[in-house]
Every structure is written in structure tokens, then in C-alpha cells.
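Okay, everyone, let me put the next one up on the screen.

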Amino acid sequence: MAPELTRQRQADRSRETRRKLMEATVDCLVEHGWSGTTTTQVAERAGVSRGAQLHHFRTRNELVTAAVEYVGQESAEQLLRESAHVATATDRTYAVVELVVDFFVSPMFTAALELWVAARTDPELKPVVVDLETRLGRQCHRLTVELLGVDERKPGVRETVQATLDLARGLALANQLSDDSRRRSRILRQWASMLDAVVKEQS
């Protein structure tokens, strides 16, 4: 086998191993929480050896932050793909709000929430999580502005978009202990109505 082909296959296997480890980590965070997630448990769930896991991630902090970032990016890309239907929606503003909230009410948010709580008192984890949250937050904000078709240079628009994202996070938090979908639906309808007034004013 040619050396270049061998290296390519090794690189492919390495990427696949990382993907399995990161997805298994998120699954463990959702199912067992931060305190119940161990590197050994993740390796077993991913179906890889302990040595392979240590080769890619030396510590639990490295593994968990990489996993949440990976799923965050995957979710952001999924959000972008699903946003295609918004432009043709009868009630565009409501469609945008619903899309954003559904993005947060997901296993990704649950995993990230576990990480945020742990980072509050972990000096090594905290700066990594803050940086991650900042970058993903900017992505969501930018996409929401684009989907709503508003100009955030105009007074109040940026704050209103951010309030939408903050509302989405709050509703996702409320959904952690029980199914909050019925109450959430009513709140979304009311918020979309209020947001629509801002959108129309800026158009």
C-alpha cells in the first residue's frame, strides 16, 4: 500500500475515533451529568480502547470541552440547514423564534449546561467554556439577525435579538426537569407577536 494512502487511512481512523469519543461524551453528560461522566466510561461507550482515548484527550476537561464544542458546531450547522424553510413560512417571525428555541431545547444544551455548572468553580475549565460560549453565542446571534431580516445598527434591535436568545436559553433551562412544551408554546407565540412589531418597525 502506498505511504500516502496509508497516512490518509490513518487520518480517517483518527478522525472517526475522535468523533465517537466526543459523541459518547455528550451522551454521558446528558445521561449521567458532569460528576457521573468519566473518561473510562466514555471510552467504553464509544467502543474505543483506553489508550486510544488518552492519545486524543489526555484529561477529562480536554475531552468534555472538545465534545461540547463539536456538538455545538454540529448543532449550529443543523440550525443553518433547517433555517431554509423560514423564508417561506407564513409567520416568519414566529418560525424564527421557534427554530431558535428548538435549537436550545436539545441534548446539546443539556450537555453544555453540565459543563457550565462545573466551570463555575473550576479555574482550568472556566476560561475554555467562556470562550466556547462566546463564539457559539455570536454565531446564533448573527444567524438570528439574518433570519429576521433586521438591521441591528438601529436602536433596540440588537438588544431585542439578544433578548430572544436569552429567552430561548431560559426556556431550555425550564425544560430540564420536566416537559415544558405546552407552556413554552404559549410563551413563544406571545414573544413572537412582540418581536414582530419590532421587525415590522425596522422594515
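So, the largest cavity: 17 residues line it, and Phe104, Met108, Trp116, Glu133 and Leu136 are the ones nearest its centre. By cavity I mean, on a 1 Å grid over the protein atoms alone, a set of points where a 1.4 Å probe fits but cannot get out, and a lining residue has an atom within 4 Å of a point. This is a predicted model, where local features need pLDDT of at least 70, side-chain atom pairs count only at pLDDT 80 or more, and totals for chains, interfaces and linings use all residues. Numbering runs from 1 along each chain as its sequence is written, and side-chain values use heavy atoms, with hydrogens and water left out.

By class, we get 12 nonpolar, three polar and two charged residues in the lining of the largest cavity; Asp, Glu, Lys and Arg count as charged, Ala, Val, Leu, Ile, Met, Phe, Trp, Tyr, Cys and Pro as nonpolar, and the others, Gly among them, as polar.

The space in the largest cavity is about 170 Å³. That volume is what probe spheres set on the points fill, with grid points joined across faces, edges and corners. Searching the whole structure turns up one cavity of 30 Å³ or more.

Notes: On a 1 Å grid over the protein atoms alone, a cavity is a set of points where a 1.4 Å probe fits but cannot get out, and a pocket is an open set with protein on both sides within 12 Å along at least five of seven lines; lining residues have an atom within 4 Å of a point.
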